[in-house]
Amino acid sequence: MVYRLGQSLVTNPSKDRGTRWETQVVNYLKLFGFPYSRRTALAGAQDKGDIYLGDDPPGGQVTTECKDHKQIALAEFVDEAIAEAKNAGTPLGVAIIKRRGRGVSQAYVVTTLEQWVQDRIRRSD
């Protein structure tokens, strides 16, 4: 991303890194059974996650928050994913966290035990 500041151009490396990570995750998901996966638009305080997986299973009912940070702030990332799931009206929020020096397939996917158990119960109905 390039932003204009006066007459010069300024890039935002953190935003660029996040965009690249989200794109890598979307491409991976499309390869493995989530054909409708796409990045979502930013919505400020009412953000609804980073990646839309589709309305029907296997992608429905989950909100994803992608993170590519040097320091993993697990509680913060999961809390953000759950808050964004509430904004999106989905029952499950997960954080997809890039692992340093690893490919996209080795990312961490995390949520709370409560979220995971409730998801398992929904899937068994």
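Predicted model: local features only at pLDDT ≥ 70, side-chain atom pairs only at ≥ 80, totals over all residues.

Biologist: Fine. How many helices and strands are in the chain?

Modeller: Three helices and seven strands.

Biologist: In what order do the elements run from the N terminus?

Modeller: They go β-β-α-β-β-β-α-β-β-α.

Biologist: And what share of the residues counts as buried?

Modeller: 33% of the 125 residues.

Biologist: What about contacts between residues 24 or more positions apart?

Modeller: Take the contacts with a separation of 6 or more. Residues 24 or more positions apart account for 43% of those.

Biologist: Switching to rings. How many aromatic pairs does the count come to?

Modeller: One aromatic pair. Tyr28 and Phe32 form it. The centres are 4.7 Å apart, with 35° between the planes.

Biologist: Why is that pair called tilted?

Modeller: Stacked needs planes under 30 degrees apart, and edge-to-face needs over 60. The angle here is 35°, so the Tyr28 and Phe32 pair is tilted.

Biologist: Are those two residues buried or exposed?

Modeller: Phe32 is exposed, at 53% relative accessible area. Tyr28 has 30% relative accessibility, so this residue counts as partly exposed.

Biologist: Which ring does the charged end of Arg38 sit over?

Modeller: The ring of Tyr52. The charged end is 4.4 Å from the ring centre.

Biologist: Next, Arg122. Where is its place?

Modeller: In helix α3, which spans residues 113-124.

Biologist: Which residues is Arg122 in contact with, leaving aside neighbours within four places in sequence?

Modeller: Pro91, Leu92 and Gln115.

Biologist: Last one, Ala75. Which helix is it in?

Modeller: Helix α2, residues 74-88. Ala75 has a relative accessible area of 53%, so this residue is exposed.

Biologist: What is the C-alpha to C-alpha distance from Ala75 to Ala95?

Modeller: 9.9 Å in space, and the two are 20 residues apart in sequence.

Conventions. Residues numbered from 1 in each chain as written. Heavy atoms only, no water. Helix = DSSP H or I, 4+ residues; strand = E, 2+ residues; numbered from the N terminus. Contact = heavy atoms within 4.5 Å. Buried < 20%, exposed > 50% of the residue type's maximum accessible area, 1.4 Å probe, protein only. Phe/Tyr/Trp six-rings, centres within 6.5 Å; stacked < 30°, edge-to-face > 60°. Lys NZ or Arg CZ within 6 Å of the ring centre and 35° of its normal.
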